[in-house]
Amino acid sequence: QTTRTVSLIPLPGEGGGLLADTPGFSKATLKNVRSIELANCFPEIRMAVEKNPCKFSDCKHLDEPDCSVGRDWERYEQYVNLLDELEEEEELMRKKGKFRTAAEATEKAKDSAKGKRTEFKLKSKRYRKENRKTARQNIGDEFM
């Protein structure tokens, strides 16, 4: 079937919502949502965590011990599938060296004549030690 017009389809359930069926889209994706933020997109998880916080702050709400969310909620399978997709996409982006945030990617993949290799990212310049040449030049500036 080819969609020729935009239509809004009401979603069943208490949370409801609308699904937009538009021309040109073959797959729904979550833009700007990282795997660690996915749980916040599900009201079921948010409510469970507000009532009784999980033992671990980085809980993915899958099989971790003392997780307050559990598996007995309606959209659990959708959550697991989306989480898997996001984690796979993030891993692929890390390997390509295209996924850069402050907390991520201290390494990047490089292609060379010898094949693929991993190169580690240097710390930003503000944390690097001053080299000897620059230090000597700065000492000379103090006396002028």
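## A first look at the surface

Which residues form a positive surface patch? The patch is made by Lys129, Arg132, Lys133 and Arg136. For charges, Lys and Arg count as positive and Asp and Glu as negative, while His and the chain ends are not counted. Patch members have over 30% relative accessible area and no salt bridge; like charges are joined within 9 Å, and nonpolar side chains (Val, Leu, Ile, Met, Phe, Trp, Tyr) within 5 Å. The place of a charge is taken as NZ of Lys, CZ of Arg, CG of Asp or CD of Glu.

Lysine 129 sits in the loop between strand 4 (115-120) and helix 3 (132-142). With 78% relative accessibility, lysine 129 counts as exposed. Here, buried means under 20% relative accessible area, exposed means over 50%, and partly exposed lies in between (1.4 Å probe, protein chains only).

## How to read the model

This is a predicted model, in which local features need pLDDT of at least 70 and side-chain atom pairs count only at pLDDT 80 or more, while totals for chains, interfaces and linings use all residues. Residues are numbered from 1 along each chain as its sequence is written, and side-chain values use heavy atoms, with hydrogens and water left out.

## The chain as a whole

Let's step back to the overall plan. The protein chain has 3 helices and 4 strands, and from the N terminus on, its elements run β-β-α-α-β-β-α. Helices (H or I, at least four residues) and strands (E, at least two) are DSSP runs, numbered from the N terminus.

Of the 144 residues in the protein chain, 17% count as buried. The accessible surface of the chain is about 12500 Å², and 52% of that surface belongs to carbon and sulfur atoms. Such areas come from the Shrake-Rupley method with a 1.4 Å probe; for residues, only the protein chains shown count as cover. Among contacts in the chain with a separation of 6 or more, 25% come from residues 24 or more positions apart. A contact means heavy atoms within 4.5 Å.

Strand 1 (residues 7-10) holds isoleucine 9, which counts as partly exposed at 38% relative accessibility. Together with Leu11 and Leu19, Ile9 forms a nonpolar patch on the surface, and the three share about 240 Å² of accessible area.

Alanine 20 belongs to strand 2 (residues 18-21). Its relative accessible area is 45%, so alanine 20 is partly exposed. Leaving aside residues up to four places away in sequence, alanine 20 touches Ser7 and Leu8. Alanine 20 and valine 6 are 14 residues apart in sequence, and their C-alpha atoms are 6.9 Å apart in space.

Is leucine 86 buried or exposed? Leucine 86 counts as buried because its relative accessibility is 12%. You can find this residue in helix 2 (residues 76-96).

Not counting residues up to four places away in sequence, leucine 86 touches Leu30, Val33, Arg34, Ser35 and Leu38. Leucine 86 and isoleucine 36 are 50 residues apart along the chain, with 9.2 Å between their C-alpha atoms.

## Three salt bridges

Side chains of opposite charge can pair when their charged atoms come close. How many salt bridges does a search of the whole structure find? The search finds 3. A salt bridge is a side-chain nitrogen of Lys or Arg within 4 Å of a carboxyl oxygen of Asp or Glu.

One of them joins the side chains of glutamate 44 and arginine 75 (2.9 Å, N to O). This pair links distant parts of the chain, 31 residues apart: glutamate 44 is in helix 1 (residues 43-51) and arginine 75 in the loop between helix 1 and helix 2. Glutamate 44 is partly exposed at 24%, and arginine 75 is partly exposed at 29% relative accessibility.

Another salt bridge pairs lysine 60 with glutamate 87, whose closest N and O atoms are 2.5 Å apart. Lysine 60 lies in the loop between helix 1 and helix 2 and glutamate 87 in helix 2, so this pair ties together parts that are 27 residues apart in sequence. Lysine 55 also forms a salt bridge with aspartate 66, with the closest N and O atoms 3.8 Å apart. Both residues of this pair are in the loop between helix 1 and helix 2, 11 residues apart. Lysine 55 is exposed at 55% relative accessibility, and aspartate 66 is exposed with a relative accessible area of 51%.
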